[in-house]
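Welcome, and please open your viewer. This tour takes you from stop to stop, telling you what to select next and what you will find there.

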Amino acid sequence: MKKLLIFAALLFTISLSAQSKYFIYFKDKGIDAKESLYKGNSIYQLAESELTERAIERRKKLLGDDYIDYTDVPIKREYINELVKFNIKIENELKWFNSVSAYLTDEQVKEIKLLPFIEKIEPVKKNKFKKVEENQNLNKGFNSSENLYGPSFAQVDQLQVPIVHLKGITGKNVILGILDSGFRWKMHESLQSKNVLAEYDFIFKDNNTANETGDDFSQDNHGTAVFSTMAGYSNGKLIGPAYDASFLLAKTEDVRSETHIEEDNYAAALIWMENQGVDITSSSLGYSEFDDSTYSYTYKDMDGKSTIVTKAAELAFSKGVLVISAAGNEGNTSWYYITSPSDGFNVIAVGAVDLNNRVTGFSSRGPSFDNRIKPDVTALGSGVYAASTAGFTEYYYASGTSLATPLASGTAALLLSSYPHLNNVQLRSILLETADSSKYPNNLRGYGLLSALRAINYPNLQKDNLGNIYINKAFYSNSSTTDYKIIIYQSDVLIPMSLTGDNQKTQFQLNNYLNNINGVYFTYKDSGGNEIREPKEGVYRIDTKNLLVTLNTSSFYLPDDYTLAQNYPNPFNLNTTIEFYSLTNQPGKVIVYNVLGEKVAELFNGVLNSGYNTFRWDGKLSNGNVAPSGAYLYSVETAGKLLTKKMMLLK
């Protein structure tokens, strides 16, 4: 009998080894998208029924009443039933991509390719899961005045989180989703009281994200550490930024044997979380080097639109979700660059710094392959204090962008908790604007180290149901402040307006100034009676169409036409960034001219990418000489259009 069981197990192993995982794409969803999908009809109602009320409300903040599209329509059930007839077991249904994933033999691939409703079949890629570096014996120590946060004080204080907590902002009413290897949250003192709304294991297809029979012993180590860094709470030991938030947990990464992560699990988890109403997703994983080099991605694929995980992340963002992902730990490897999905146009890629705010050697570098600045922001990723699965009261120090990411995500949750009306585009803009290198972003640290305090103090716009536009501003600090004023910069006339606010938070209606407003700034007095100006220089630019307030960066919305943004910084000294949005892939040129109309530099001559294109000018002429100070024109010529703007070089 024992020999028979061994033989059966061998046959099962051989059977599995003869199969590989594939994406199966369908040609349609059984409907004509333009004619059949409209508000109120049965298909629309079916798509809407898969969304929670929370998901609908989140979508409305970004999309208004047009919050359902073709990607939301479920896959046609008849197509799936036909696949089942071929003894195919569906692993994940990915309605956003009109596809499913399944293990197939070579024979099954040949058979189903002939079905009339099959568009294409592609392998699911597998990536080696790289664990965080553990520093078990690292002794950080902490000052007795920070007893509440214990050894975790340094990692949250660097992001100015404790002062925000003192204002009563702790992540309440925000839903955070974490995609990782597993979560032993019920068995650790810092996590057992968390408000976990739902959890799902995309490996074993059950509702248990902690270790279970068949898992590697270390399966849930990584996710538990990540969860605690973001939201743990144990007085005197560890407090994460968003400890009062609610959570959706997805176990997507399989660390057994070949230690691979399957990209279809990531996409399926994002769809599940988005449907449940998640506000912010956080993933400390990255796809770069794969077990089977035949199907590997390369750096060329880190272009914001090639990998399945990046496409899924961008679709989630388009539906109102703020997507945050680790930049990767490839800085000291031959790969070197960011990994997907952190290459996404709208994904916030998080790099790692040490306690001295220096970028760590392992933190993946930018740019993206299409030359966009990456990573986007940074947080502490060296010697981060986190919960350990070794015991109920055990902790350890670990390093990696995997730890920087939950700190960044928790910081984003504090901003949304303070201003629930903000949509994901506004959140992303504010986080990048208030990072410490936003004036001079680069491909080591992006826009820089995040700050919860600066983000919440940054002005934001709000629109009510009647169409009224308000600007909100907080003045939180360690000392008392008074005499808040907003200065409307209107046709070169300064108009002071006294503001009243509760607990250093103010709101002002802009309706009377919308026709001529060019910008705003604020003044207030500190405890010593000194007048403070925000910003110190310039004005906050007001974009009422997209509800954005910008200072150092360009707007992060998707334009509906070919758009050339103002370069930043401007004026500039060493180099400047130029952004151009293209509706399609088109041949184009980016040229710099002097005020006499003479060509002084050609920054690009080739095929522009569909979406955002980023170019840098180092202030040098075509011959390599440094350009003299003065005004210059930069232009983009493409698709029969010539767009030109002015910039100023100051040496």
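In which loop is proline 535 found? Select proline 535 and you will see the loop between strand S26 (531-534) and strand S27 (541-543). Strands here are DSSP runs (E) of at least two residues and helices are runs (H or I) of at least four residues, both numbered from the N terminus.

Before moving on, a word about the model. It is a predicted one, in which local features need pLDDT of at least 70 and side-chain atom pairs count only at pLDDT 80 or more, while totals for chains, interfaces and linings use all residues. Residues are numbered from 1 along each chain as its sequence is written, and side-chain values use heavy atoms, with hydrogens and water left out.

**The whole protein**

Zoom out for a moment. The protein has 14 helices and 35 strands. Of its 651 residues, 57% are buried, where buried means under 20% relative accessible area, exposed means over 50%, and partly exposed is in between (1.4 Å probe, protein chains only). Taking contacts (heavy atoms within 4.5 Å) between residues at least 6 apart in sequence, 71% join residues at least 24 apart.

**Two cis peptide bonds**

The peptide bond from glutamate 534 to proline 535 is cis, with omega near -5°. Next, select lysine 374 and proline 375, which are also joined by a cis peptide bond, with omega about -5°. Proline 375 lies in the loop between strand S15 (348-353) and strand S16 (377-380).

**Lysine 473**

Now select lysine 473, in strand S20 (residues 469-474). Is lysine 473 buried or exposed? Lysine 473 has a relative accessible area of 0%, so it counts as buried. Show its side chain and look for glutamate 534 again: a polar contact of 2.8 Å joins the two side chains. (A polar contact is a pair of N or O atoms within 3.5 Å; within protein, one must be able to donate a hydrogen and the other to accept it, and residues adjacent in sequence count only if both atoms are side-chain atoms.) The lysine 473 side chain also reaches the backbone oxygen of asparagine 457, at 2.7 Å. Leaving aside neighbours within four places in sequence, the residues in contact with lysine 473 include Tyr419, Tyr458, Gln504 and Phe522.

**Two residues with positive phi**

Select tyrosine 336, in the loop between strand S14 (322-326) and S15. Its phi is near 75°, a positive value in a residue other than glycine. Tyrosine 336 is partly exposed, at 34% relative accessibility. Then jump to aspartate 483 in strand S21 (residues 482-490). Aspartate 483 is not a glycine either, yet has a positive phi of about 55°. Aspartate 483 counts as partly exposed, at 34% relative accessibility.

**Isoleucine 43**

Select isoleucine 43 in helix H3 (residues 42-49). Not counting residues up to four places away in sequence, isoleucine 43 touches Ile31, Ser36, Leu37 and Val73.

**Last stop: H9 and H12**

Finally, select helix H9 (residues 221-231) and helix H12 (residues 401-418), whose axes come within 8 Å and cross at roughly 35°. These axes are lines fitted to C-alpha atoms over the stretch in contact, and angles run from 0 to 180 degrees between N-to-C directions. Among the residues making the contact are His222, Val226 and Met230 of H9, and Leu403, Pro406 and Gly410 of H12.
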